[in-house]
Amino acid sequence: MASSLIVSLAVLGCLSVLGCAGDEQNKGRGFGDNFAWVDFESGLQEAKETKKPLLLLIHKSWCGACKALKPKFAASKQIQDLSKHFVMVNVEDDEEPHGEEYTPDGGYIPRILFMDPEGKVRRDIVNMNGNPSYRYYYPDPIQVVDAMKLALEKIAPDTLNAQHPDEL
């Protein structure tokens, strides 16, 4: 009995180690491994250094709406193209940053916030075509694209001026 418990614990330990290694390689967490995802703290530092706006994607592993958005977000060529002008941060479950600034109109998920290079959440960059009660909820990739373009206009207008209009 005791030996089977030890074996079970050893197997669980191995699985959790393997799961952690897999998570490190799968930073997209279903939202696309073709993005340059970074963790929140690294993202804040990178935004400050590069002067790029930060896209903060907050989601939960168990969330149905998050699961529905994942393949659409991952498949969007427009989001991928625009992501080159952003620091892309993807936080899941307990990685969600704490503070009222990260829940500007509630703690629902998924939500996408845009931050300036100094780390300030830009409350003026919202889903203009979404539910006014959930302004940072984007169920459709086109809405994300529109918000990304708005973020570039407001936070990094020189980025837009340097690009050919067809690229954005």
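Modeller: Take helix α5, residues 141-155. Its 15 residues, at 1.5 Å a residue, should span 21 Å, and the end C-alpha atoms lie 20 Å apart, which agrees. The expected span is 1.5 Å times one less than the number of residues. Helices here are DSSP runs of H or I, at least four residues long, and strands are runs of E, at least two, numbered from the N terminus.

The model is predicted, so local features need pLDDT of at least 70 and side-chain atom pairs pLDDT 80 or more, whereas totals for chains, interfaces and linings use all residues. Numbering runs from 1 along each chain as its sequence is written, and side-chain values use heavy atoms, with hydrogens and water left out.

Back to α5. At its start, a side-chain oxygen of D140 comes to within 2.7 Å of the backbone nitrogen of I142. That is a polar contact: a pair of N or O atoms within 3.5 Å, where within protein one must be able to donate a hydrogen and the other to accept it, and where residues adjacent in sequence count only if both atoms are side-chain atoms. The buried residues of α5 are P141, Q143, V144, V145, A147, M148, L150, A151, L152 and I155. Buried means under 20% relative accessible area, exposed over 50%, and partly exposed in between, with a 1.4 Å probe and protein chains only.

An α-helix has 3.6 residues a turn, so residues three or four places apart point the same way. Contact means heavy atoms within 4.5 Å.

The start of α2 also has a side-chain oxygen in reach: that of D39 is within 3.2 Å of the backbone nitrogen of E41. Just after α2, K51 has a positive phi of about 65°.

The loop between β3 and β4 deserves a stop. E96 lies there. Its relative accessibility is 15%, so E96 counts as buried. The side chains of E96 and R111 are joined by a polar contact of 2.5 Å. Leaving aside residues up to four places away in sequence, E96 touches I58, K60, V91, T103 and R111.

D93 is in this loop too. Its phi is near 55°, positive although D93 is not glycine. D93 is partly exposed, at a relative accessible area of 25%. P110 is another residue of the loop. The peptide bond joining I109 and P110 is cis, with omega about -10°. Most residues other than glycine have a negative phi, and most peptide bonds are trans.

Last, the whole chain. It has 6 helices and 4 strands, in the order α-β-α-β-α-α-β-β-α-α. Of the 168 residues, 40% are buried. Among contacts between residues at least 6 apart in sequence, 74% join residues at least 24 apart.
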